[in-house]
Number of protein chains: 2
Amino acid sequence: MNIWQVNMDNNYYAVIMAGGSGTRLWPLSRQSRPKQMLALFDERSMFQTAVDRVLDLFPPERIFVVTIQEQAHELQEQCTELPPENYLIEPAGRGTASVIGLAAVALQRRDPQAIMAVLGSDHFIADEPGFRQLLHAAGTAAQDGYLVTLGIQPTFASTGFGYIEKGAQIGAYEDRLLFQVTRFIEKPSQANAEAMIAEGGYYWNSGMFFWQVDRILAEIQRQMPDLYAGLQDIYAAWGTSQAQATVERIWSALQAQTIDYGVMEGARNVAVLPAAGLGWSDVGSWDSLFDLLPSDDNGNIVMGGEHIGLKTAHSLIFVNQPRRLIVTIGIEDLVVVDTGDVLLVCHKDLSQEVRLVVRQLKEQGKEYL
Amino acid sequence: MNIWQVNMDNNYYAVIMAGGSGTRLWPLSRQSRPKQMLALFDERSMFQTAVDRVLDLFPPERIFVVTIQEQAHELQEQCTELPPENYLIEPAGRGTASVIGLAAVALQRRDPQAIMAVLGSDHFIADEPGFRQLLHAAGTAAQDGYLVTLGIQPTFASTGFGYIEKGAQIGAYEDRLLFQVTRFIEKPSQANAEAMIAEGGYYWNSGMFFWQVDRILAEIQRQMPDLYAGLQDIYAAWGTSQAQATVERIWSALQAQTIDYGVMEGARNVAVLPAAGLGWSDVGSWDSLFDLLPSDDNGNIVMGGEHIGLKTAHSLIFVNQPRRLIVTIGIEDLVVVDTGDVLLVCHKDLSQEVRLVVRQLKEQGKEYL
């Protein structure tokens, strides 16, 4: 039995954030069916996979999910092994600061000594044992009082991620070095991204964390006192008939804020645990799938549908319609996505621009979202 | 009133060949819905337009249509102004030689002095008055005994057409010069096409003709005696209860042959009447539509469907599905055709290769044809 198949101590909890409504894989991802609900890589959805991959570390009763009302039912159906009360419902998305605050309060009610991992639900991770090993080390560092961020070793000068600059070495946890964080950098310009890659010592901010619940709540208290006051009200009402109404009241007054900007940038004892070689991807756009899915001899990835390709190379064909023939002739570097109501034909280098289309549809009050 | 709005003499007939099952506009054109039935340019189908454009020259009762059984009903519904008996039915397509022979026999029964124009049903002609003027001149030359072919002034070194080499000038008909034909050239290689264009004096074979019925039947008798014998049987059975069975019996033994190879290459008194400036197109592939349909400022042609294009240029988007959004990002020189069961994404320079796909589907016994 692998050492990582031993569950962590019983005050360790995983919180999976699954309320996102990302549209970067539109038209496949929709408001009603965001990326984490999609099964892109096998028959399991990305959310199911996010739960599966930590079941060796956390028993189901210590895995929590935070989501929004519209998605709760579908997620519960996708993962019935988690207790229903472990699905925490935000009345609406208000950024990761409030998500994490809500989860921290829920865990604090359960166990004042709780140590929580904050995990995404819509990332791809090729090396799952390596990921669990990393999480185990992060959990140990959290026990020592650090607010641990998982930093992804950059593979290119992405402008799509925030960056973390590492400082002095703090120590080693299970053969992994832990570093102080000098600063958090918001999504950079291309020039700044390239400068950071050239300089080295920067990591992509994965949005995954590990910390003691009372440590993160203390930072929220110090830096986001309004949120903290609301969380105190929620703590007090927890388990009463007023619980849901209290959350809704607090949430209606909340400004959206991320944990990075709201808390981490100004927090003490922040550390970064670098993750390299995990094969991690945020699956942030259609072109990211070219790195994650097997392709044929011509570099094509065909998912679903019947396809005939002549002189077709380095293209992704995704169809979720039955009885549909896709014919491609003389195309290269294209993404073709057919969801029945929408057809997307996009150069893969421009697949980020799908967001502009989604924004335009929203502004025009159109359907297809 | 324009002179060309006067009907030709009452022994002039038009025969519109409408039995083709071309697949070059696949997946829009299908076996059950060939190109001539499609409405690509306005609300009228190409067949309807082919009839419309000669109604100033021929009254409906002197316009005949030759088609195959599978298409007859639809064509009759599309053009109810023609008498039902003017729709001649081939049991199956056997090439233009037999089509023309069948029509010639039908006209000979009606009028031994008949002079017939042979016209296509799936061509685009921008200058319709000019076309009628040309036809009028060709009809006059036919009256003088010539087998008149309409030669299209080539606009590029196409390998998709047969060519006609002109010889000495015969004379002038209504300000148009008529030339002897030196030879017919089958669809040439690229090098040969370029040589002909450079040399000059060659025309594309439009497949449109004008001649006296007894002249063309005499050439069939001389050069295709088997076909002629069959046509004689059909002539004898015409109007009797045995008519249909006779046609079917003759047709079942016919080899497919074109009028060009079967008759015209070896015929006497063949003449070519050059047509220039008509804006003629055989609409032989998707890319031909770029010359025929109006495009927007980015060179895009969008037909049907709702389209959002970012960085999209010189592309054709054709959709005949309701409630369907097409999004294109970063594409150029593409043809996107969505017929519901089939999606084609094709570089416009390769749109001829649609034929290879159709052939493959046929060989594999697939649907979608």
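**Helix 3 against helix 7, chain A.** I looked up how helix 3 (residues 96-110) of chain A sits against helix 7 (residues 225-237) of chain A: their axes come within 10 Å and cross at roughly 35 degrees. This is a predicted model, where local features need pLDDT of at least 70, side-chain atom pairs count only at pLDDT 80 or more, and totals for chains, interfaces and linings use all residues. Residues are numbered from 1 along each chain as its sequence is written, while chains are lettered from A and ligands numbered from 1 in the order in which they are written.

Terms I needed: helices are DSSP runs (H or I, at least four residues), numbered from the N terminus. Axes are lines fitted to C-alpha atoms over the stretch in contact, with angles from 0 to 180 degrees between N-to-C directions.

Contact here puts C-beta atoms, placed from the backbone, within 7 Å.

**Chain B.** I then looked at helix 3 and helix 7 of chain B, which pack at about 35 degrees with axes 10 Å apart. Their crossing is right-handed.

**Domains of chain A.** I found domain 1 (3-281) and domain 2 (286-363), with bounds from an automatic or database domain assignment. Their C-alpha centres lie 30 Å apart. Nine residues of domain 1 of chain A are in contact with twelve of domain 2.

Note on methods:
Helices (H or I, at least four residues) and strands (E, at least two) are DSSP runs, numbered from the N terminus. A crossing is left-handed if the near helix is turned anticlockwise from the far one by less than a right angle, and right-handed if clockwise. Two residues are in contact if their C-beta atoms, placed from the backbone, lie within 7 Å.
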